[in-house]
Amino acid sequence: KLAKAARLLYECSDELKDVESYQFDMVNVYRELLHSLTHQVIDNLSNAFLDKDKDAFELASKDMLKLFDDWDEITGANENFLLGQWLKDAKSWGYTPEEKEFYNWNARTIITIWQPWVMGGLRDYASKQWNGLIKDYYKPRWALFINELQASIDNPKSYQQSDFELKLRQMDFDWTHMNNEYSPTASGDIVKIAERIMKDYGDRFDFN
C-alpha cells in the first residue's frame, strides 16, 4: 500500500512538483518506503551468514550498502532532512571558534551516542533519518559489522562481540568529535530520484 501511495504521489509531479509541501511529502514517503525494506535486507544478510553462503552474503552486503546510499540521496532532496542544517543551526549559537566547536559536538552527540563517553547505554536514543547522518554515520557502522561477519565465515573465532562493540562505539564517539561540513542546502530533484527508486526497487515493491 505504501508503494502504491508512493507511485500515485509521483504521478502528481507534473502539477505539484514546485509546491513545497508536495516536495516534503515525496521525500518523506520515499524515505519511509526504503526504511520499510531494511528488515528484509537484514534478514537476507542474516540468512546468508548463517548458511555460510559467501556469494549470497556478498550480494546481501552490496544490497544493504546501496540502500543506505539511496536513502541518503532521498533525504538530501529536502531541507527538513539535512544534518547540515542541524549542525549549522547549532553552531550559529556560538560566538567564538571554541563555542562553535562545542555546539557542533553537542549537536552531533545528542542525535547519536547521547553521552560524552565511548561506552554508554543510551546510544541511538534520538536517532534521525537525515542526509549525511545516514551515509557517514549509519552506513559505516553497518560496513564494519559486515566486514567482521564476512571474516568470521572462514574463521568463526575471529568475531568477538565485545571487540566489535568496542570498535563500533569508538567509531561513534570519534564521529561526534569531527568537524567536517555538511551542506545545509537541499540538492537533487526528488521527482527524478523517485523515478529511479521505483525502477531500481521494482522487484521489491508492487507499485501498481
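User: At what angle do α5 and helix α10 pack?

Analyst: This is a predicted model, and what follows is computed from it. Helix α10 covers residues 190-200, and its axis lies 10 Å from that of α5. The angle at which these two helices pack is about 155°.

User: Are α5 and α10 roughly parallel or roughly antiparallel to each other?

Analyst: Angles over 145 degrees count as roughly antiparallel, and the angle for this pair is about 155°. The crossing of the two helices is left-handed. By that cut-off α5 and α10 are therefore roughly antiparallel.

User: Which residues make the contact between α5 and α10, and how many of them are charged?

Analyst: On the α5 side the contact is made by K66, D70, E73 and I74, while α10 brings I190, I193, R196, I197 and D200. Sorted by class, the residues of this contact include four nonpolar and no polar ones, and the number that are charged is five.

User: How are α1 and α3 oriented relative to each other?

Analyst: Helix α1 spans residues 2-10 and helix α3 spans residues 20-35, and their axes are 10 Å apart at an angle of about 150°. Since angles over 145 degrees count as such, α1 is roughly antiparallel to α3.

User: Which helix gives the most to the lining of the largest pocket?

Analyst: The largest pocket holds about 360 Å³ of space, and its lining consists of 17 residues, with I42, F68, Y138, R141 and W142 lying nearest the centre. At least two lining residues come from each of α4 (38-50), α5 (54-75), α8 (133-154) and α9 (161-176). With five residues, the helix that gives the most is α8.

User: How many residues of that lining are charged?

Analyst: The lining residues of the largest pocket divide by class into 10 nonpolar and five polar, and the charged ones number two.

User: How many helices and strands does the secondary structure of the chain come to?

Analyst: Read from the N terminus, the elements run α-α-α-α-α-α-α-α-α-α, and the C-alpha trace spans about 55 × 55 × 25 Å along its principal axes. The secondary structure accordingly comes to 10 helices and zero strands.

Technical notes:
Residues are numbered from 1 along each chain as its sequence is written. This is a predicted model: local features need pLDDT of at least 70, side-chain atom pairs count only at pLDDT 80 or more; totals for chains, interfaces and linings use all residues. Side-chain values use heavy atoms; hydrogens and water are left out. On a 1 Å grid over the protein atoms alone, a cavity is a set of points where a 1.4 Å probe fits but cannot get out, and a pocket is an open set with protein on both sides within 12 Å along at least five of seven lines; lining residues have an atom within 4 Å of a point. Grid points are joined across faces, edges and corners, and a volume is the space filled by probe spheres set on the points. Helices (H or I, at least four residues) and strands (E, at least two) are DSSP runs, numbered from the N terminus. Ala, Val, Leu, Ile, Met, Phe, Trp, Tyr, Cys and Pro count as nonpolar, Asp, Glu, Lys and Arg as charged, and the others, Gly among them, as polar. Axes are lines fitted to C-alpha atoms, for helices over the stretch in contact, and angles run from 0 to 180 degrees between N-to-C directions. Angles under 35 degrees count as roughly parallel, over 145 as roughly antiparallel, 65 to 115 as roughly perpendicular and the rest as oblique. A crossing is left-handed if the near helix is turned anticlockwise from the far one by less than a right angle, and right-handed if clockwise. Contact means heavy atoms within 4.5 Å.
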